[in-house]
Amino acid sequence: MGFFEEYKKQIIMIIAGIFILTALFTAGRKMDASFVDNAFGFVVTPLQEATSGVGKWVQKKVSSAQNKTNLEKENEELKKQIAQLEATVKRLSMYEEENKKLSELLKITPKFPQYTMSGAEIIAKDPGNWYNIFIINKGKKQGLAANMVITAPGGLVGKIVECGNGYAKVQSLLDSRSSISAMSLRTGDLGVVKGDYSLMDSGLCRMEYIDAQAEMMVGDEIVTSHLSTLYPPGISIGKIKEIKTESNGLTKYAIIEPYVDFKHLETILVIQERFDQKNNSEAEN
Amino acid sequence: MRILTTSIIIIINFILQTTLMQYIQIHGILPNTAVILIVSYALLRGSIEGAVVGLFAGLLQDIFFGTAFGYFTFLGMATGYLAGRSNRNFYRENYVMPIMLCSIAVFLYETAIYLTSFLFRGHLNIFYYFGRTILPETVYTAMFTIIVYRILFSVNEWLELKEKYRYRLF
């Protein structure tokens, strides 16, 4: 103990130096959770799951008391919608059959294949105010891995950045570090959907590097493009809320409203396939 | 005993911060109770314990939400060590000092995050970040300091009483 007292400052400086160095060397690397991470995850994630369960339960009770009056009306409207949707589904499934037959004839592999998905719950969110990262309650044990794509009913959510044994770290597309290669479904114009800090709180994001001659309009649907090495093509992200020319006049940018409501997101779907290995190129940001 | 209590406090704080605190955010701003915890420990127990608490609180955040290992760990450690340097000359029962120091610590902590991970990536509108995030968070955290410091103060009192009997200190 006398040794520690004597060299207190030096010891603290050395420890601090070690952390700065590890931070510099590990920054931006995507790797699977280490032994230490898993040990902490084993202790902390069940507690987080329980606590967030309590929070959700209370919120549900409160909101159900508020909503009871509207339930009947909503029920009727939903029934009407179901009838409409059923008709559309029937029509579309006929198209699907036809499409299958035709592509078999032409020997084309399907452009928008079906993926195996599994559901997971969000159990914790970033405690800081800078980023948009959350933890889900499934990990390596359930067959998940880093760089898998996360969706929710409606559209894209983000990707797994780190995968532990029983948990996984997900970076949402609103995070200012995320960027996704995307295109407009109607016109096929390409761009990059990036998270923006000033739009994060209102649940919007930006699409940048759009060609100045692009004919995109407000309301157009934005999907992941075929250029992306991480994301499969054709997953819908959101629709254009605003489109403007950048101050340099060479490119346009658009404000995108994602289909997923990030504020009230509780369950998500993981696409259990890795697309980054198929293309064996460097992972994009 | 002290080590056990402290680690339980750190873990409980982290769990509350990531789960239930999400419901009390105002315009997306959460109070940074981890910094309150670190500064309170530094004030009550000195810079070394402040640095150790900061190290482990930062380590948890690094493991679950960081992309670089060691970033928040270093920040927490530095916060604890520097805050502890000022612990000798004040009455612990006084609330003004912890609130002041917590506000300053949160302000510097968030400014450091902004400088290292936003300014260098080309987000240059400093005033937006200060007005939108750092200052509101400082105020919100200062309000929370009163509650958290009160709890930690009583816990510390209880622990010191126990240690006094065990080691016959005073």
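View 1. Asn147(A) is buried, with a relative accessible area of 6%. Buried means under 20% relative accessible area, exposed over 50%, and partly exposed in between (1.4 Å probe, protein chains only). Accessible areas come from the Shrake-Rupley method with a 1.4 Å probe, and for residues only the protein chains shown count as cover. The model is predicted: local features need pLDDT of at least 70, side-chain atom pairs count only at pLDDT 80 or more, and totals for chains, interfaces and linings use all residues. Residues are numbered from 1 along each chain as its sequence is written, chains are lettered from A and ligands numbered from 1 in the order in which they are written, and side-chain values use heavy atoms, with hydrogens and water left out. Asn147(A) sits in the loop between β2 (133-136) and β3 (149-152) of chain A. Helices (H or I, at least four residues) and strands (E, at least two) are DSSP runs, numbered from the N terminus. Phi of Asn147(A) is near 70°, a positive value in a residue other than glycine. Most residues other than glycine have a negative phi.

**View 2. His27(B), an exposed residue with a positive phi.** His27(B) is not a glycine, yet its phi is positive, at about 50°. The residue is found in the loop between α1 and α2 of chain B. His27(B) is exposed, with a relative accessible area of 61%.

**View 3. A nonpolar patch on the surface of chain B.** Leu4(B), Ile8(B), Ile12(B), Leu16(B), Leu20(B), Tyr23(B) and Ile24(B) form this patch. Together they have about 590 Å² of accessible area. Patches are made of residues with over 30% relative accessible area and no salt bridge; like charges are joined within 9 Å, nonpolar side chains (Val, Leu, Ile, Met, Phe, Trp, Tyr) within 5 Å. One of the members, Leu20(B), lies in the loop between α1 (2-18) and α2 of chain B. Leu20(B) is partly exposed, with a relative accessible area of 30%.

**View 4. A patch of negative charge on chain A.** Glu72(A), Glu74(A), Glu76(A) and Glu77(A) gather here on the surface. Lys and Arg count as positive and Asp and Glu as negative; His and the chain ends are not counted. The place of a charge is taken as NZ of Lys, CZ of Arg, CG of Asp or CD of Glu. Glu76(A) lies in helix α4 (residues 71-106) of chain A. Glu76(A) is exposed, with a relative accessible area of 57%.

**View 5. The salt bridge of Arg186(A) and Asp220(A).** The two side chains meet at 3.1 Å, N to O. Arg186(A) lies in the loop between β6 (179-184) and β7 (190-194) of chain A, and Asp220(A) in the loop between β8 (205-211) and β9 of chain A, so the pair ties together parts that are 34 residues apart in sequence. A salt bridge is a side-chain nitrogen of Lys or Arg within 4 Å of a carboxyl oxygen of Asp or Glu. Asp220(A) is buried, at 6% relative accessible area. Over all chains, a search of the whole structure finds 14 salt bridges.

**View 6. A network of salt bridges in chain A.** Lys194(A), Asp196(A), Arg206(A), Glu208(A) and Glu246(A) are linked in this network. Within it, the side chains of Asp196(A) and Arg206(A) meet at 3.8 Å, N to O. Asp196(A) lies in the loop between β7 and α5 (197-200) of chain A and Arg206(A) in strand β8 of chain A, so the pair ties together parts that are ten residues apart in sequence. Asp196(A) is buried, with a relative accessible area of 16%. Arg206(A) also counts as buried, at 16% relative accessibility.

**View 7. Arg2(B) and Glu163(B), a salt bridge in chain B.** The closest N and O atoms are 3.1 Å apart. Arg2(B) lies in helix α1 of chain B and Glu163(B) in helix α6 of chain B, so the pair ties together parts that are 161 residues apart in sequence. Arg2(B) is buried, at 10% relative accessible area. Glu163(B) is buried, at 17%. Chain B averages a pLDDT of 86, and 95% of the residues score at least 70. pLDDT is the predictor's confidence in each residue, from 0 to 100.

**View 8. Leu230(A) and Lys159(A), apart in sequence.** These residues are 71 residues apart in sequence and 8.7 Å apart in space, C-alpha to C-alpha. Leu230(A) lies in the loop between β9 (221-224) and β10 (236-245) of chain A. Leu230(A) counts as buried, at 1% relative accessibility.
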